Amino acid sequence: MFAISLGDDGAELRPLEPWHAGEFLAHMDRGREYIGQYVALPDHATDLTSATAFLQMYADKAAADSGRLYGIWSAGVLVGGVLFRTFDVTFGSCEAGCWLEESAVGRGLITRAIRVLIDWAVEERGMHRVEWIAASANTPSINVAKRLGMVREGVQRESYPHRGVRHDMEVWSVLAPEWRRQRETTR
């Protein structure tokens, strides 16, 4: 198995696979309310069977080259994750996303992990467009998009029903030429 260092603090990015289901469920249990504010993930991983099924769904997506799932470990503990919810090689477009338990907030873990994913998608897989979709009220997620140099394209008004509330969803993106230019200026 591989692990990619996310910096000097020892955090790592690793594939999150079905055999991690117990660890993944414990992580969801620790962060269920915080993570679930804007994403449905904790509502889909409520026991070992459903946690395994979720991880298997992404293992199947990886095998079909239509999605990917990675965990973020800090001090050996799974504290969050990043993913390609969609990954369309034919059209050169993908959607990245994330989640993080509250204990790991404010350390830049998501921004660092998503940079790794976008670099790989653009440079290794030839993606032209990487999208980021977040609830307008999800300030931390919107701030990640801004830190990544993404462009806000618009708002899908009341498009995402979650826990009885319809949320406005913002669409952000970065195109491969923009990503490369900004990476050159930050290296």
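Is Phe54 buried or exposed, and what is its relative accessibility? In this predicted model, Phe54 counts as buried, because its relative accessibility of 13% falls under the 20% cut-off. Phe24 is buried too, with a relative accessible area of 0%.

These two residues form an aromatic pair. The ring centres of Phe24 and Phe54 lie 5.7 Å apart, and the angle between the planes is 5°. The pair is therefore stacked, since planes under 30 degrees apart count as such. Phe24 belongs to helix H1 (residues 21-35), whereas Phe54 belongs to helix H3 (residues 48-63). The pair so ties together parts that are 30 residues apart in sequence. Ring pairs also build a cluster, whose members are Phe24, Phe54, Tyr58 and Trp99.

Another pair joins Phe84 and Phe87. Here the centres are 5.1 Å apart and the planes stand at 55°, so the pair is tilted. Both Phe84 and Phe87 are buried. The count of aromatic pairs comes to six.

Helix packing was examined next. Two packed helices are described by the angle between their axes and the distance between the axes. The axes of helix H4 (residues 109-124) and helix H6 (residues 176-186) come within 10 Å. They cross at roughly 125°, which means that H4 is oblique to H6. The crossing is left-handed. On the H4 side, the contact is made by Arg115, Ile118, Asp119, Val122 and Glu123. On the H6 side, Ala176, Trp179, Arg180 and Arg183 take part. Four residues of this contact are nonpolar, five are charged and none is polar.

Notes
Residues are numbered from 1 along each chain as its sequence is written. This is a predicted model: local features need pLDDT of at least 70, side-chain atom pairs count only at pLDDT 80 or more; totals for chains, interfaces and linings use all residues. Side-chain values use heavy atoms; hydrogens and water are left out. Axes are lines fitted to C-alpha atoms, for helices over the stretch in contact, and angles run from 0 to 180 degrees between N-to-C directions. Helices (H or I, at least four residues) and strands (E, at least two) are DSSP runs, numbered from the N terminus. Angles under 35 degrees count as roughly parallel, over 145 as roughly antiparallel, 65 to 115 as roughly perpendicular and the rest as oblique. A crossing is left-handed if the near helix is turned anticlockwise from the far one by less than a right angle, and right-handed if clockwise. Contact means heavy atoms within 4.5 Å. Ala, Val, Leu, Ile, Met, Phe, Trp, Tyr, Cys and Pro count as nonpolar, Asp, Glu, Lys and Arg as charged, and the others, Gly among them, as polar. Rings of Phe, Tyr and Trp (its six-membered ring) pair if their centres lie within 6.5 Å; planes under 30 degrees apart count as stacked, over 60 as edge-to-face and the rest as tilted. Buried means under 20% relative accessible area, exposed over 50%, partly exposed in between (1.4 Å probe, protein chains only).
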